[in-house]
Structures are given as structure tokens and as C-alpha cells.
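Please read it alongside the sequence and the coordinates.

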Amino acid sequence: SRSEHPLAESVVRAARERGLAKEVIQSIEFIVGRGVTGVVGGVALAIGNAALMRDWSMSTAPLDERARALAGDGKTVVFVAADGALAGMLAIADPVRDSSRAAIARLRAMGLAVVMLTGDDVHTAQSVARQAGIGSESVVAGVLPEGKLAEIARLQREGAVVAMVGDGINDAPALAQADVGVAMGGGAAIAAEAADVVLMRSDLTAAAQAVVLSRRTMRTMKQNLFWAFVYNVIGIPIAAGVLSPAFGILLTPVIASAAMAFSSVSVVTNSLRLKRARLS
């Protein structure tokens, strides 16, 4: 209940729906990329992934077969240990939105390569990737926060310009490392602080729309610079008297100021076209 992690929120919500009593927490420690440990109601608890269980020298063998089956269905498995003994496990499903597959297809259609970075094990990751329309070769699973950061840095060293979309505490380092960090709305506060762009809703479609808007904004800026350049290239020589010897044409201060005002109006008008841009 003291964690911002989506898995923790799911467990707490399910416990409340079942009317389970809230126990007194004596101590608690968050293990990044692994889970949480602490003492609750006098019982020493460890709740997290298989790596956390190994850290506590506990074997998950009795549940491994069932865990693999659940992971193959796209569920995240969370093991629970009490007083040094394996007590059970939870399976948490985060259904892939119908819009996510369409959003990923749209990103690819725009010429972008999509890579999935996740702390989940490879079975869960591959299942989710299939549902989202991401190829198995583009999945990096079982990575801690530093692993996500290292993967971003590797892609950058290879010359890629990387945009990272994330919403959790574990995503914050990678969001800061990426050329463009994009935080999903409703995610952890630290993710929003580390990102360059914060989307207003937790929907991957918004990320695709942000790319469309950014490209149209850059195109509009280039158009504005082009026309401003043209105005000056034409106007400055005339104002300097280039046409005066042959044609007797000079720009009076009134005409020059009117031309500059028209230049500003055209730039602003062109920029206002972004209000009518269709992002979907």
C-alpha cells in the first residue's frame, strides 16, 4: 500500500475488493527491480519476483511449472515468502489495450522501430509482445532499471535517436537517458519528472499522436523560417537601393514596415493551421 508500482496497486485493489483486513506494517524496504520486503503483523515478508526469492535463498521450484504457464498467458508472477518459507504466488494480468496494437502499427508506419523493454520474465514479455504486435526480436526482457538505461545508451551509441515511453519508477533512469522521454499520464511522479513530455492519458495512442504533432510542428517551423528568409532576401536588397538605378524603385519606411508586418502575420497564420491538424 506504500508503493506506487502498478503491480502493488493491483494487489491492494484486489485485497480491498475481497474485504481483507489491513495489517500494521512494522518495517518496509523497496528493492528496485525485485519487489518489497518488510515485517507485517510480526511476520517477515518478501513479495516480488524470482530474483528476490533467490536473494533470500529460497527456491521457487514447487511453483515454477505453474509460474511458467501463467507467464505464457501474459501474466506477471509475484512470489510471496513468509518467515523464510515460500508461501505462494500471485498472478497479475495487465491486459493489452486494443488501441496499443494499432498505436504500435502506426508508429512503425511512420518509420519508427519499436522495442519493448520490461522487467518481466521472457515468457510474460513474449506473450505481451505477441498481443501488442511486437516481434520477438524486438523484446528485451528481465531487465532492471540500469538494464533499461544501458539498452537506451547502446542504441544511442549505434546512432539511433531514442524516444522512451514509460510510466514507472523503474523507467525513470531510461526516460532521463533517452533523447526524448515520454511519461504516461497516471504513472509515477518520478517518471513524469524525468521525462521531457508528459501525456495526459495512459494510452499508447497518445504517444503516436505526439510524434505526429511534433513532426507537423517541425515542418511548420521550417516553413516559417523559409518564408521569413524569402521576405528578407527580397526586401533588404530593395531597401538598400539595388533597383533604384535601373527602375527608380525604393522602399519607403512605411512600405518596409508594412512588409515586415505582413511577414509576421503570414508566419502566425501558418502556425495557427496546427490547431486544425488531425492527429488520429
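Strand S8 and strand S9 (residues 180-183) pair in the parallel sense over four bridges, where strands are DSSP runs of E of at least two residues and helices are runs of H or I of at least four, both numbered from the N terminus, and where two strands pair if DSSP finds at least two bridges between them. Within this pairing, Gly181 of S9 is the bridge partner of Met164. The open sheet has three strands in the order S8-S9-S10, with parallel pairing. Strand S8 (163-166) and strand S10 (197-198) stand at the edges with a single partner strand each, so one side of each is left without a neighbour in the sheet.

The model is predicted, so local features need pLDDT of at least 70 and side-chain atom pairs count only at pLDDT 80 or more, whereas totals for chains, interfaces and linings use all residues. Residues are numbered from 1 along each chain as its sequence is written, and side-chain values use heavy atoms, with hydrogens and water left out.

Two helix pairs are listed below, with axes fitted as lines to C-alpha atoms over the stretch in contact and angles running from 0 to 180 degrees between N-to-C directions.

| Helix pair | Angle | Axes |
|---|---|---|
| H9 (residues 204-239) and H11 (residues 253-272) | about 165° | 9 Å apart |
| H3 (residues 61-72) and H5 | roughly 20° | within 7 Å |

H3 is therefore roughly parallel to H5, and H9 and H11 are roughly antiparallel to each other; angles under 35 degrees count as roughly parallel and those over 145 as roughly antiparallel. H9 passes H11 in a right-handed crossing, meaning that the near helix is turned clockwise from the far one by less than a right angle. The contact (heavy atoms within 4.5 Å) involves residues including Tyr231 of H9 and Phe262 of H11.

H3 likewise passes H5 in a right-handed crossing, and the contact is made by Arg68, Ala71 and Gly72 of H3 with His123, Thr124, Ser127 and Arg130 of H5.

Lys148 has its place in helix H6 (residues 145-157) and is buried, with a relative accessible area of 8%, where buried means under 20% (1.4 Å probe, protein chains only). Leaving aside neighbours within four places in sequence, Lys148 is in contact with residues including Thr118, Asn170 and Asp171. Thr118, found in the loop between strand S6 (116-117) and helix H5 (122-132), is buried with a relative accessible area of 10%.

Note on methods: Angles under 35 degrees count as roughly parallel, over 145 as roughly antiparallel, 65 to 115 as roughly perpendicular and the rest as oblique. Buried means under 20% relative accessible area, exposed over 50%, partly exposed in between (1.4 Å probe, protein chains only).
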